[in-house]
Amino acid sequence: MTSNFDFLAAEWTDVHPDAVRAESYGRTDPRTAVFYARRVVEQVVEWIYDLENLPAPYRDDLAARLADDAFQRAVGMRPVETAHAIRKVGNVAIHRSQPI
C-alpha cells in the first residue's frame, strides 16, 4: 500500500513510520491519527531547530518552539499555523473525551 508520505522514507527514516501511521488511522481512529500527527510535528520542529542552529526558546515544549520568532522566520507563518492546529487538536485528543 502506498502512502502520501512515502517520500519521507529515504531521508526522514525516523519520521516516516509515524507519518504513515497518522495517515492510516485518519478514518478509523482519528484520536490515534492526531496523536501520531502531533508526534511527527514535534520531530520535524526539533529537526528544524537543529538544522538551522536555532537557539532554544524560553521553554522546551512544542508551543514555545512554534511561537519563537527565529523559528517563524526560518519556516514562515503558514507551516507554523498548520503545526499549531495539529498541536491544539492533539491536546484535545489526549486530554479531553470529546470526539475528534
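Predicted model: local features only at pLDDT ≥ 70, side-chain atom pairs only at ≥ 80, totals over all residues.
**The core**

Select V41, V45, I48, Y49, L54, L62, L66, A70, F71, V80 and A83. These 11 residues form the largest nonpolar core. Now colour the helices α2 (30–51), α3 (62–67), α4 (69–75) and α5 (77–95), each of which gives two or more residues to this core. The biggest share comes from α2, with 4 residues.

Which residues is V45 in contact with, leaving aside its neighbours within four places in sequence? They are L62, R65, L66 and F71. Of these, L62, L66 and F71 belong to the core too.

**Helix α5**

Select α5 next. This helix has 19 residues, and from its first C-alpha to its last it reaches 27 Å, close to the 27 Å expected at 1.5 Å a residue. Within α5, show the side chains of the buried residues: V80, A83, H84, R87, G90, V92 and A93. Two of the names, V80 and A83, are already known from the core. Bring back α2, α3 and α4, which are among what covers the buried residues of α5.

An α-helix has 3.6 residues a turn, so residues three or four places apart point the same way.

Zoom in on H84, which lies in helix α5. Is H84 buried or exposed? H84 counts as buried because its relative accessible area is 19%, and the cut-off for buried is under 20%. Leaving aside its neighbours within four places in sequence, H84 is in contact with A63, L66 and A67. L66 is also in contact with V45.

**The largest pocket**

Turn to the largest pocket, which holds about 320 Å³ of space. Its lining has 18 residues; to find its centre, select V41, V44, T82, A83 and I86, the closest to that point. V41 and A83 are members of the core as well. At least two lining residues come from each of α1 (16–24), α2, α4 and α5. As in the core, where α2 gives the most, α2 also gives the most to this lining, with 6 residues.

**Helix α1**

End on α1. Select its buried residues, H16, D18, A19 and A22. What covers them includes α2.

Technical notes:
Residues numbered from 1 in each chain as written. Heavy atoms only, no water. Core = buried A, V, L, I, M, F, W, Y, C linked by side-chain atoms within 4.5 Å. Buried < 20%, exposed > 50% of the residue type's maximum accessible area, 1.4 Å probe, protein only. Contact = heavy atoms within 4.5 Å. Expected span 1.5 Å × (residues − 1). 1 Å grid on protein atoms, 1.4 Å probe; cavity = no way out; pocket = protein on both sides within 12 Å on 5 of 7 lines; lining within 4 Å. Points joined across faces, edges and corners; volume = space filled by probe spheres on them.
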